[in-house]
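Good morning, and thank you for making time for this presentation.

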Amino acid sequence: MTRPLFPAVLLLLLAGCQSGPIQDVVADDRQEEAAASESAIPELAPSEVESPPQDFQAWLHDFRRQARAEGISEATLARALDGARYRPRVIELDRSQPEFVRPIWQYLDSAVSQARVSQGRAKLDEHRDTAQRMEQRYGVPAEIIVAIWGIESNYGGNFGDFSTLEALATLAFDGRRRDFARGELLAALRIIEAGDIAPERMVGSWAGAMGHTQFIPSSFEAYAVDGDGDGRRDIWNSIPDVMASTANYLARAGWRQGEPWGMEVRLPDGFDYSLADDSRRSASEWAELGVRAVGGGELPPLAEAAILVPAGASGPAFLVGRNYRAILRYNNATSYALAVGTLADRIAGRPGVQAEWPRHERPLSRSQVRDMQQALNARGFDVGAPDGIMGPNTRRGLREYQRSAGLTPDGFPTESLLQRLRQ
């Protein structure tokens, strides 16, 4: 990515996660639950919208002056911003942060439900020629393109009905990442000026992600493609444009043609869980360490592959490669990338996750994670400032504690571990 973020990342950024770079800015994968579609939140009726702060119109007037100075025409500003409203609901959502989060298996239950698999197969059948054409052009499998479509908007059934312009104007005026939202609002105006979409049809989530596969405006500018040859890039109404743009996105993110995203594996007894997540080795090297494909057969010839254990030693394990990391560039959450990969497998007729998830384990709340972080710091396992989010530093510190206590160092937080740390 050159300048903008990737589309579904926007919710992660605006929903309160701490972010780090994937070229410019990308959401940390600590915000696992934020991979769920924010566009499921309904739009408010006009009668429900509170009176805007008096200085919103003054801000909007000043923004229009700045936008004009940056090359936006008066005609576009009038079409896009005349009558633009401040949306209190957007700010409410921007500032909310749930105390309780869903475990990954609950997210996958929803994201890779049988209904979504069946609909994905039907959508692939319906648009097979287009999907295969994009696969040939960009090297991204048709089922991956369809899986992202399914997870981002339920195949176009729910990509949000917030005005992108009003949502971004509200966030630029009153949000927690005002400069970022202002830049996205300018990008949205440039899209309108280019003639790709009319202002009234530019709709999406409260956080500014748009269309079937939830591009934010700056990502649209950089990666959207005219797939049907009509001279416009329309990710709201043209499925060829949607599929071409999604495939182009992943290709530019480093998708390697001919390689799978990954596969479920079985780990040997005594596996060193400190090698999970961060250590990269060839598939053959993992095989020498006893890693085996679930269901038998050879491991795919992946270079720089990693082992994922998203639910610890008692849950499924996955061998993932470069294409998994390309999916992460779309949305940097483990749950999201696994959902895309496993949904694509199911759409293509391959099996889903075979091993059982530890469904008896209750996820820790944010306050409990904060307690765990404080306890780890107090015991000398430095995880940084307690923030209630399970990030890489916290998992690393938790593994070190588990190892010191003679436990399996899988870095998976549980209530029993928290109780032990509290003692």
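This is a predicted model: local features need pLDDT of at least 70, side-chain atom pairs count only at pLDDT 80 or more; totals for chains, interfaces and linings use all residues.

The protein has 18 helices and eight strands. Of its 423 residues, 58% are buried. If we take the contacts between residues at least 6 apart in sequence, 69% of them join residues at least 24 apart. The accessible surface comes to about 17200 Å², and carbon and sulfur atoms account for 46% of that area.

Let me move to the strands. In what order do the four strands of the open sheet lie? The order is β6-β5-β8-β7, and the pairing is antiparallel. Strands β6, residues 292-293, and β7, residues 306-308, stand at the edges. Each of these two has a single partner strand, so one side of each is left without a neighbour in the sheet. As for β5 and β8, residues 262-266 pair with residues 317-320 in the antiparallel sense, over four bridges.

I now come to the nonpolar cores. The largest nonpolar core holds 94 residues. Which of its members touch the most other members? They are Trp59, Leu189, Met202 and Tyr336. There is also a second, separate core of 18 residues, and among them are Leu267, Phe271, Ala293 and Ala305.

Phenylalanine 215 is located in the loop between β4, residues 203-204, and α11, residues 217-223. Is phenylalanine 215 buried or exposed? Phenylalanine 215 counts as buried because its relative accessibility is 0%, where the cut-off for buried is under 20%. Threonine 246 lies 31 residues away from phenylalanine 215 along the chain, and the C-alpha atoms of the two are separated by 9.0 Å.

The last topic is the salt bridges, of which the count comes to 26. I begin with aspartate 109 and arginine 359, whose side chains meet with a nitrogen-to-oxygen distance of 2.9 Å. This pair links distant parts of the chain, 250 residues apart. Aspartate 109 belongs to helix α5, residues 104-111, whereas arginine 359 sits in the loop between α15 (334-347) and α16 (366-378). Both partners are classed as partly exposed: aspartate 109 has a relative accessibility of 39%, and arginine 359 has a relative accessible area of 44%.

In one of them, aspartate 174 and arginine 178 form a salt bridge at 3.7 Å, N to O.

Finally, which residues are linked in a network of salt bridges? Arg64, Arg68, Glu74 and Asp82 are linked in this way.

That concludes my presentation, and I thank you for your attention.

Definitions and conventions. Residues are numbered from 1 along each chain as its sequence is written. Side-chain values use heavy atoms; hydrogens and water are left out. Buried means under 20% relative accessible area, exposed over 50%, partly exposed in between (1.4 Å probe, protein chains only). Contact means heavy atoms within 4.5 Å. Accessible areas come from the Shrake-Rupley method with a 1.4 Å probe; for residues, only the protein chains shown count as cover. A nonpolar core is a set of buried Ala, Val, Leu, Ile, Met, Phe, Trp, Tyr and Cys residues joined through side-chain atoms within 4.5 Å. Two strands pair if DSSP finds at least two bridges between them. A salt bridge is a side-chain nitrogen of Lys or Arg within 4 Å of a carboxyl oxygen of Asp or Glu.
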